[in-house]
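Good morning. I have one structure to go through today, and I will take it piece by piece. Please look at the sequence and the model first.

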Amino acid sequence: MSDFEETIRRLQSEKGVVGIIVVDSAGRVIHSTIDSDATQSHTAFLQQLCEKTKTSIRELDSSNDLTFLRLRTKKNEIMIAPDKDHVIMVIKDIS
């Protein structure tokens with residue numbers, strides 16, 4: 001089992017995790033544990049949010065960069081970990 005597969009398996013075993021999406025630097029989905037429609041809608045929105053957040057952080061301090069983004073709603077917690085080659089998005093049910 002590769003490190004990638006082990007990481008996905010470990011994340012999926014966490015309590016409440018309902019979905020994991022991994023996209024490459026071009027925004028193409030390379031792995032998802034949720035259905036195609038949900039993957040596409042989450043990916044489109046979360047990538048825009050991530051890019052806007054990165055831009056805002058750099059405008060505040062050009063030597064800084066986004067390393068982790070956590071978003072909590074009434075129903076879900078969404079954690080986004082951007083890297084130069086890919087972005088990992090984890091969706092967790094908190095109800």
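I will start with the ground rules, then go through the sheet, the helices, the cores and the salt bridges.

This is a predicted model, so local features need pLDDT of at least 70 and side-chain atom pairs count only at pLDDT 80 or more, while totals for chains, interfaces and linings use all residues. Residues are numbered from 1 along each chain as its sequence is written, and side-chain values use heavy atoms, with hydrogens and water left out.

On the annotation: the UniProt record, an unreviewed entry, gives "domain: Roadblock/LAMTOR2" for residues 4-92. UniProt positions are in the numbering used here, feature names are shortened, and annotations may be inferred rather than shown by experiment. That span is 38% helix and 34% strand, and its end C-alpha atoms lie 19 Å apart. Helices (H or I, at least four residues) and strands (E, at least two) are DSSP runs, numbered from the N terminus.

Now the sheet. In what order do the strands of the open sheet come? The order is β2-β1-β5-β4-β3, five strands with antiparallel pairing. The edge strands are β2 and β3, the latter at 69-72, and each of them pairs on one side only. Direction ignored, neighbouring strands are turned by 15 degrees against each other on average. For pairing, DSSP must find at least two bridges between two strands.

Take strand β1, residues 17-24. Seven of its eight residues are buried, where buried means under 20% relative accessible area, exposed means over 50%, and partly exposed is in between (1.4 Å probe, protein chains only). On one side, β1 pairs with β5, residues 86-93, in the antiparallel sense over seven bridges. Within that pairing, G19 stands opposite I91. β1 is also joined to β2, residues 29-32, by three antiparallel bridges, and there V22 has H31 as its bridge partner. β1 and β2 make a hairpin with four residues between them, and G27 in the turn has a positive phi of about 90 degrees.

Further along, β4, residues 76-82, runs antiparallel to β5 and is joined to it by seven bridges. M79 of that pairing stands opposite V90 in β5. Helix α1, residues 3-12, packs on the sheet and touches β1, β2 and β5, with its direction at about 150 degrees to that of β1. Helix α2 lies across β1, β2, β3, β4 and β5, at about 65 degrees to β1. These axes are lines fitted to C-alpha atoms, for helices over the stretch in contact, and the angles run from 0 to 180 degrees between N-to-C directions.

As background, in a regular strand the side chains alternate between the two faces of the sheet.

Next, the cores. A nonpolar core is a set of buried Ala, Val, Leu, Ile, Met, Phe, Trp, Tyr and Cys residues joined through side-chain atoms within 4.5 Å. The largest one has 11 residues, including I21, L46, C50, I80 and M89. β1, α2, β4 and β5 each supply at least two residues of this core, and β5 gives the most, with three. Apart from this core lies another, of eight residues, among them I8, L11, I20 and V22.

What does I80 touch, leaving aside its neighbours within four places in sequence? I80 is in contact (heavy atoms within 4.5 Å) with L46, C50, F68, L69, V87, I88 and M89.

In helix α2, residues 36-60, we find T53. T53 counts as buried because its relative accessibility is 18%.

Last, the salt bridges, meaning a side-chain nitrogen of Lys or Arg within 4 Å of a carboxyl oxygen of Asp or Glu. The whole structure has four, and I will show some of them.

K54 and E51 form one at 3.7 Å, N to O. Both lie in helix α2, three residues apart, about one turn of the helix. K54 is buried at 13% relative accessibility, whereas E51 is partly exposed at 45%.

D65 and R58 meet at 3.1 Å, N to O. D65 is partly exposed, at 37%, and R58 is partly exposed, at 39%.

Finally, E77 bridges to R70, with the closest N and O atoms 2.4 Å apart. Is E77 buried or exposed? E77 is buried, with a relative accessible area of 4%, while R70 is exposed, at 54%.
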